[in-house]
Amino acid sequence: MTAKDYGVPRGLPKQTTSICPECKKLIPATLSDKDGKVCIDKVCPEHGSFSDVYWSDAEIFLRAENFAYDGVGLRNPMDKSSDGKNVCVRIGGEDFEMLTCTALANIDLTNRCNMRCPICFANANQAGYVYEPDYETIVEMLKMLRSEEPIKCTALQFSGGEPTIYPRFVDLIRKAKELGFAQVQAATNGIEFAKNFDLVKASQEAGLNTIYLSFDGVSDDIYLQARDRKMFDIKLKVLENLRRLEKPPSVVLVPTIVRGVNDHQIGDIINFALENSDLIRAVNFQPVAFTGRITREELSKGRFTLTDLIKAEGEQTGYTTKDDWFPVPVVAPISKLASLMLGENKVTFTTHPHCGIATYLFKDDKGNVVPMPRFVNAEKLSRGFYELSETAQKKRFKKLLVFPLLRLVKECLNEDEMPEGMTKKKFMRIMRAIMSDKSKETLAEFSWSMMMIGGMHFQDNYNYDVERVKRCGVHYATPDLRVIPFCAYNGGPEYRADVEKRFSVPLEEWKAKHGDEHC
């Protein structure tokens, strides 16, 4: 990881590489400031010009670039075709080296689902075939992720389709924990967890850490538009079942935001999360990606960017301003320093600075909400960790850096802006608890709740940026033991259709063997 060698020139305008939305061929693109918005413009020799909003706030876009770092790359020893070199992703006939380790791995257990959502990028029930690798194949995929170099994958998400309908779902959770995954998640609509408490209990006992719960709003009119059925009671029932457990998995709410459908409920979703913070640890908003062909007018009206999310959250809750939000790689220097001091490679979030953005909210027992950046100088802290990591590379006794590290953290804290009742000493206790995954108990001890609010904007053919794909930290594992970045798997000259067709059976063949259920 290095700041000075970050591969993309900073500032605007800048040149990058994108694709034509029509033919999917690689074409040059320009990012530029247009009336305070960052737009991506590109011209295909065959299909003409295309323009889209990349980020709706140029000021935040440029500030995010201050936290850009390149990672150490990724090697996959179980992919014999890579010849021991860093993994590459093929886009438009060219190979691009991946620069970020697998921060989170996705494994699609099936493309079957118990729903038919209009906005699902997986097209689970429309493919005409069933993709559902057997247990043994998925175990090999898990082993591949744990063999990655130089940083082994430690966080895993089972997805789909709907992963909870996979016949050996619980067995795979247990196997993943046996193989050493520290974080095992399930991305789910919640239907099976709502109706089957025994499944909830068995999943928890097998080691499920987090339920990544689709959650598009707090009223059923939203679900009728986005999911074609009422769903809110199902989400509440999932939480009810989790509360029956002594040590339940945590919950991350995952709203897919569609302008004109649910963007007016961003504040309501955050407040719902804060009210249920005994279970919910984060909200990860995902602005919808446009798959298939749409008109330029539809694109212009429908595009919702990460900076639109920041603006909407501030207007609807009053909790934050745009200065309270930071891109994902703000924490990269922390991971680098930890790796050096502990003598082992830790997952480092060197994702592209324009892929995601987040903040933390603290709520005290009187209902006051304070964003963490109000009392933690995040920029100074990130820069300080980076400088200490540079020092650590030169020092023989790296553990001696503990004292300057503690001094740095204390210097970055402003006790006057902390929530009522919080002190520097108490905050340091919380930070230590987070590192040991005991933050929930520690926060409860002080009558506070803490909530991460984030946004991840996955790409489509209109805003596609190859530089983002190269630095993607969310990767898919495939049955032929390859690693593919999320946005390449689901967009552009996408891999999903190719992978699923190669490892699937025709729908009619599946029905003949298993029946019509969930097809």
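User: Where does aspartate 35 lie?
Analyst: This is a predicted model. In this model, aspartate 35 lies in the loop between β2 and β3 (37–44).

User: Is aspartate 35 buried or exposed?
Analyst: Aspartate 35 is exposed, and its relative accessible area is 83%.

User: And what is its phi?
Analyst: The phi of aspartate 35 is near 55°, which is a positive value in a residue other than glycine. As a rule, most residues other than glycine have a negative phi. Lysine 24 also has a positive phi, near 65°. Lysine 24 is placed in the loop between β1 and β2 (26–34), and with a relative accessible area of 26% it is partly exposed.

User: Let us turn to peptide bonds. Which residues does a cis peptide bond join?
Analyst: Glutamate 149 and proline 150 are joined by a cis peptide bond, with omega at about -5°. Proline 150 is in the loop between α2 and β9. The bond from leucine 12 to proline 13 is cis as well, with omega near -5°. Proline 13 belongs to the segment before β1 (14–19). In general, most peptide bonds are trans.

User: Next topic, cysteines. How many disulfides are there?
Analyst: A search of the whole structure gives 0 disulfides. A disulfide is a covalent bond between the sulfur atoms of two cysteines.

User: Where is cysteine 101, and what does it touch?
Analyst: Cysteine 101 is in the loop between β6 (94–97) and β7. Leaving aside residues up to four places away in sequence, cysteine 101 touches Gly73, Ile151, Val347, Thr348, Cys472, Gly473 and His475. Cysteine 101 and arginine 471 are 370 residues apart in sequence, yet their C-alpha atoms are 8.6 Å apart in space.

User: How many salt bridges does the count come to?
Analyst: The count comes to 30 salt bridges. One of them pairs glutamate 205 with lysine 201, and their closest N and O atoms are 2.5 Å apart. Both residues lie in helix α5 (residues 197–206), 4 residues apart, or about one turn of the helix. Glutamate 205 is exposed at 54% relative accessible area, while lysine 201 is partly exposed at 34%.

User: What separates lysine 195 and glutamate 192?
Analyst: They are 3 residues apart in helix α4 (residues 191–195), so about one helical turn separates them. Lysine 195 forms a salt bridge with glutamate 192, with 3.4 Å between the closest N and O atoms. Lysine 195 is exposed, at 59%, whereas glutamate 192 is buried, at 10%.

User: Now the helices. How many residues has helix α2?
Analyst: Helix α2 (residues 135–146) has 12 residues. From first to last C-alpha it reaches 17 Å, close to the 16 Å expected at 1.5 Å a residue.

User: What do the buried residues of α2 pack against?
Analyst: They pack against β7 (104–108), β9 (155–159), α3 (169–178), β19 (474–477) and β20 (483–485). The buried residues of α2 include Tyr135, Ile138 and Val139.

User: Finally, which residues form a nonpolar patch on the surface?
Analyst: Val402, Phe403 and Leu406 form that patch, with about 270 Å² of accessible area together. Leucine 406 lies in helix α13 (residues 402–411) and is partly exposed at 37% relative accessibility.

Methods. Residues numbered from 1 in each chain as written. Predicted model: local features only at pLDDT ≥ 70, side-chain atom pairs only at ≥ 80, totals over all residues. Heavy atoms only, no water. Disulfide = S-S within 2.5 Å. Patch = residues over 30% accessible without salt bridge, like charges linked within 9 Å, V, L, I, M, F, W, Y side chains within 5 Å. Areas by Shrake-Rupley, 256 points an atom, 1.4 Å probe, with all protein chains shown as cover. Salt bridge = Lys/Arg side-chain N within 4 Å of Asp/Glu carboxyl O. Helix = DSSP H or I, 4+ residues; strand = E, 2+ residues; numbered from the N terminus. Buried < 20%, exposed > 50% of the residue type's maximum accessible area, 1.4 Å probe, protein only. Expected span 1.5 Å × (residues − 1). Contact = heavy atoms within 4.5 Å.
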